Amino acid sequence: MDLGGKRAIVLGGTSGIGLAVTRQLHDAGATVIAGSRSQSNIDQARSVTSVGVSFRAVDVLDRAALVSLFKDQEGFDILVNAATGGERASGPFLQMDLDGFQGSFRKLWGYTNSVRLGAEHMAREGAITLVSGYPARKANPGASALSTVGNAVEGFTRAIAPEIAPRRINVVSPGVIDTPMFPAEGEAREQFLANATRNMLIKRAGTADEVASAILLTLTNDYMTGTTIDVDGGALLP
């Protein structure tokens, strides 16, 4: 996969899936700017990332900061947004804190901000990829907020794909992925991930690199737009 000469921006690009995308784009020859609202994530990513990747402190909810970034990189080819936007509410819906449920949509607002403000500064045939999650179409009890936001991300992508063409936009929908999103360590982490995947066809958590490779597919296959790719270990199947 050769992306030599391409310029990419990866929002949420300093941790987990986003960091894996940053690395894979760089390894494929792209010039990459990884954005994050967390300076500690930027510092950590810089320490483990190849020379040639640039970092930028930017919050996907800060429209002025996004505009500044996109204008600075006028004519860039690739935009990936893997930023969560903030905390995500979980638990029984009838006991759900409604402010928490509403706050979960910061992910969607971050995505809409980045696409709305970024597309006009991209190359005419640029490619955009967003990240959803399998609960969008198969929600376990307690995941109503996550599911609803994922549905919105996937619907948003299908709705705007015709409007932004010939730019392309797609979604990758991961299953349970072993990333820093799960803060437990050691045996507790292993047990949590084992429990979360025990009813799936592939009984293990996925890796950030496995999801990132699907994201790169959407960025390099010029015949894909408005679609969702599932990388979920069979989570959507019975």
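1. F93 is partly exposed, with a relative accessible area of 47%. (Buried means under 20% relative accessible area, exposed over 50%, partly exposed in between; 1.4 Å probe, protein chains only.) This is a predicted model, where local features need pLDDT of at least 70, side-chain atom pairs count only at pLDDT 80 or more, and totals for chains, interfaces and linings use all residues. Residues are numbered from 1 along each chain as its sequence is written, and side-chain values use heavy atoms, without hydrogens and water.

2. F101 is buried, at 15% relative accessible area. F93 and F101 form an edge-to-face aromatic pair, 5.8 Å centre to centre, with 75° between the planes. (Rings of Phe, Tyr and Trp, the last by its six-membered ring, pair if their centres lie within 6.5 Å; planes under 30 degrees apart count as stacked, over 60 as edge-to-face, the rest as tilted.)

3. F105 and W109 also pair. Their rings are tilted, with 35° between the planes and 6.1 Å centre to centre. F105 is buried, at 15%. W109 is partly exposed, at 46%.

4. F93, F101, F105 and W109 form one aromatic cluster. The count of aromatic pairs comes to 4.

5. Helix 7 covers residues 186–197, 12 residues in all. (Helices are DSSP runs of H or I, at least four residues, numbered from the N terminus.) From first C-alpha to last, helix 7 reaches 17 Å, close to the expected 16 Å. (The expected span is 1.5 Å times one less than the number of residues.)

6. Which residues of helix 7 are buried? They are R189, L193 and T197. These residues lie on the same side of helix 7, because they cover an arc of only 55° around the axis. (The arc is that of the directions from the helix axis to the C-beta atoms.)

Methods: Helix = DSSP H or I, 4+ residues; strand = E, 2+ residues; numbered from the N terminus.
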